[in-house]
Amino acid sequence: VRTDEPQDVDGEPREKLIGRSNTGRLLAVALFIWVPSEDEGAEEMGFIRIISARRATPAEVALYNAPP
């Protein structure tokens, strides 16, 4: 679940997502997704950099469990 619109921090677009880990814990994760532009060439691969991950707060759990 995306919690809000992506934010720009120091010129880097960041997203905050809520989801389950492979062990079933509900986590809030802040991350940066980089996808190369056409100018950078097709040989470049994109990447995801996790900035932080923590257990979801009660408000985030409610948001995750809310109907779409």
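Mentor: A salt bridge is a side-chain nitrogen of Lys or Arg within 4 Å of a carboxyl oxygen of Asp or Glu. Please keep in mind throughout that this is a predicted model.

Trainee: With that cut-off, how many salt bridges does a search of the whole structure find, and at what distance do the side chains of Glu-60 and Arg-54 meet?

Mentor: The search of the whole structure finds two salt bridges. In one of them the side chains of Glu-60 and Arg-54 come together, and the distance from N to O, which falls within 4 Å, is 2.8 Å.

Trainee: Is Glu-60 buried or exposed?

Mentor: Glu-60 sits in helix H1, which covers residues 58-65. Its relative accessible area is 7%, and since buried means under 20%, Glu-60 counts as buried. For Lys-16, by contrast, the value is 27%, which makes that residue partly exposed, and Arg-54, at 37%, is likewise partly exposed. The term asked for, in the case of Glu-60, is buried.

Trainee: Which residue has a backbone nitrogen that lies 2.8 Å from a polar atom of the side chain of Glu-60?

Mentor: Beyond its neighbours within four places in sequence, Glu-60 is in contact with several residues, including Ile-18 and Ala-28. The backbone nitrogen in question, 2.8 Å from a polar atom of the Glu-60 side chain, belongs to Thr-57.

Trainee: How far apart in space are Ala-30 and Ala-53?

Mentor: Ala-30 is part of strand E3, residues 26-34, and among the residues that Ala-30 touches, leaving out those up to four places away in sequence, are Ile-51 and Ser-52. Ala-30 and Ala-53 are 23 residues apart in sequence, while their distance in space, from C-alpha to C-alpha, is 6.5 Å.

Trainee: What accessible area do the residues of the nonpolar patch on the surface have together?

Mentor: One member, Ile-50, lies in strand E4 (residues 47-55) and counts as exposed because its relative accessibility is 57%. The patch consists of Ile-33, Val-35, Ile-48 and Ile-50, and their accessible area together is about 410 Å².

Notes:
Residues are numbered from 1 along each chain as its sequence is written. This is a predicted model: local features need pLDDT of at least 70, side-chain atom pairs count only at pLDDT 80 or more; totals for chains, interfaces and linings use all residues. Side-chain values use heavy atoms; hydrogens and water are left out. Patches are made of residues with over 30% relative accessible area and no salt bridge: like charges are joined within 9 Å, nonpolar side chains (Val, Leu, Ile, Met, Phe, Trp, Tyr) within 5 Å. Accessible areas come from the Shrake-Rupley method with a 1.4 Å probe; for residues, only the protein chains shown count as cover. Helices (H or I, at least four residues) and strands (E, at least two) are DSSP runs, numbered from the N terminus. Buried means under 20% relative accessible area, exposed over 50%, partly exposed in between (1.4 Å probe, protein chains only). Contact means heavy atoms within 4.5 Å. A polar contact is a pair of N or O atoms within 3.5 Å; within protein, one must be able to donate a hydrogen and the other to accept it, and residues adjacent in sequence count only if both atoms are side-chain atoms.
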